[in-house]
Amino acid sequence: MAYWTAGRPSTQSHVRLWKWDAERSETANFWNTDNAGVSALAAGDFDGDGHDDLALGECREIADENIDDPCGPEPLAKGGGVHVHYGSPTGGSFGTRAQTLHQDTAGVPGVAEDGDRFGAALAVADVDRDGRDDLIAGAPGEAIGSGAGAGAAWLLRGGAKGLLDAEGTASSVAWNQDTAGVPGVAEAGDAFGAAVATGDYDGDRVPDVTVGSPGENASLGAVWLLPKGSANGSAAFSPRTLGLPDLTTAHKYGKPLASR
């Protein structure tokens, strides 16, 4: 559960984890982080140890500068980031081990800049089928060339140590509308990556990735399908290609997406 405290800038957002307490026959709060400035949450087993981990998206970019650092050091906050708290295979406290990823992390394409909103949308799937979950992260504020807010999305691969290896390096790939094989052209305000989702859309038992771009074509909006998490064979769908009505209005198609 995540929520915001309205009108209190020093305590902006909170994340709470709960589990069932059989002895008391009630839910019990077992882990918290406050003031995290979190816009998205996603759970998965990123290190393949059989214990769930929790990713906090767009961490700290919108948090107060005078608070503690639940999402990592302040210098990591300027363009958003993803902070991951790991489950414990030894029975220790949840979240004791943590990692932070952003566009200045080794192995993550791009450069962290104010307003990128890295991690504003998150989705999870074992895209490469190696037994460890991967994380898809959107950054709808990312500038592509001179196109402010054109947006981008990343596939951050899970590994033995999680989303970062022992040296603190990620294994990832980034997509935007100027990526080879991805239809379209990256333009200012497209907000590609404002929503991301995963699912086996063609029934081949390999997860596919979808990315929403609600600002595309003057906010008519569109969605991109990246089969098996690759630009190869990718396709775009919009109200126009689907024959939807009222094509002169701002549908913002692709603003919400759901994983399946």
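Student: Which residue in β14 does S213 stand opposite?

Tutor: This is a predicted model, in which local features need pLDDT of at least 70 and side-chain atom pairs count only at pLDDT 80 or more, while totals for chains, interfaces and linings use all residues. Residues are numbered from 1 along each chain as its sequence is written, and side-chain values use heavy atoms, with hydrogens and water left out. Strands (E, at least two residues) and helices (H or I, at least four) are DSSP runs, numbered from the N terminus. In strand β14, S213 stands opposite A222.

Student: How many bridges pair β13 with β14?

Tutor: Two strands pair if DSSP finds at least two bridges between them. β13 and β14, the latter spanning residues 222-226, are antiparallel, and the number of bridges is five.

Student: Which strands form the edges of the open sheet?

Tutor: The sheet has four strands in the order β12-β13-β14-β15, with antiparallel pairing. An edge strand here pairs on one side only, and the edges are β12 and β15 (235-237).

Student: By how much are neighbouring strands of this sheet turned against each other on average?

Tutor: Axes are lines fitted to C-alpha atoms (for helices over the stretch in contact), and angles run from 0 to 180 degrees between N-to-C directions. For this average, direction is ignored, and the value is 25°.

Student: Which residue in β15 is the bridge partner of W224?

Tutor: β14 and β15 run antiparallel and are joined by three bridges. In β15, the partner of W224 is A236.

Student: How many of the five residues in β14 are buried?

Tutor: Buried means under 20% relative accessible area, exposed means over 50%, and partly exposed lies in between (1.4 Å probe, protein chains only). β14 is mostly covered, with a buried count of four.

Student: Which residues are in contact with D202, leaving aside its neighbours within four places in sequence?

Tutor: D202 is in the loop between β12 (195-199) and β13 (208-213). D202 is partly exposed, because its relative accessibility is 47%. Contact means heavy atoms within 4.5 Å. With those neighbours left aside, D202 is in contact with D208 and K228.

Student: What distance separates the C-alpha atoms of D202 and P227?

Tutor: Along the chain, D202 and P227 are 25 residues apart.

Student: Which residue in β11 is the bridge partner of A153?

Tutor: β8, β9, β10 and β11 form an open sheet in that order, with antiparallel pairing. Its edge strands, each pairing on one side only, are β8 (121-125) and β11 (172-175). β10 and β11 pair over four bridges. In β11, A153 has as its partner W175.

Student: Which residues of the largest nonpolar core touch the most other members?

Tutor: In soluble globular proteins, nonpolar side chains tend to be buried together. A nonpolar core is a set of buried Ala, Val, Leu, Ile, Met, Phe, Trp, Tyr and Cys residues joined through side-chain atoms within 4.5 Å. The largest one holds 23 residues, and those touching the most other members are V82, V84, F118, L122, L135 and L156.

Student: Which elements give two or more residues to this core?

Tutor: The core draws on several strands. Those that give two or more residues are β4 (40-44), β6, β9 (134-139) and β10 (152-156).

Student: How many aromatic pairs are there?

Tutor: Rings of Phe, Tyr and Trp (its six-membered ring) pair if their centres lie within 6.5 Å; planes under 30 degrees apart count as stacked, over 60 as edge-to-face and the rest as tilted. By this rule the count is four.

Student: What kind of pair do the rings of F30 and F94 form?

Tutor: The ring centres are 6.3 Å apart and the planes are at 80°, so the pair of F30 and F94 is edge-to-face.  F30 lies in strand β3 (26-34) and F94 in the loop between β6 (82-85) and β7 (98-101), so the pair ties together parts 64 residues apart in sequence. The pair is thus classed as edge-to-face.

Student: Which residues form one aromatic cluster?

Tutor: F30 is partly exposed at 37% relative accessible area, whereas F94 is buried at 18%. W31 and F94 form an edge-to-face pair, 5.2 Å centre to centre with 85° between the planes. The cluster consists of F30, W31 and F94.
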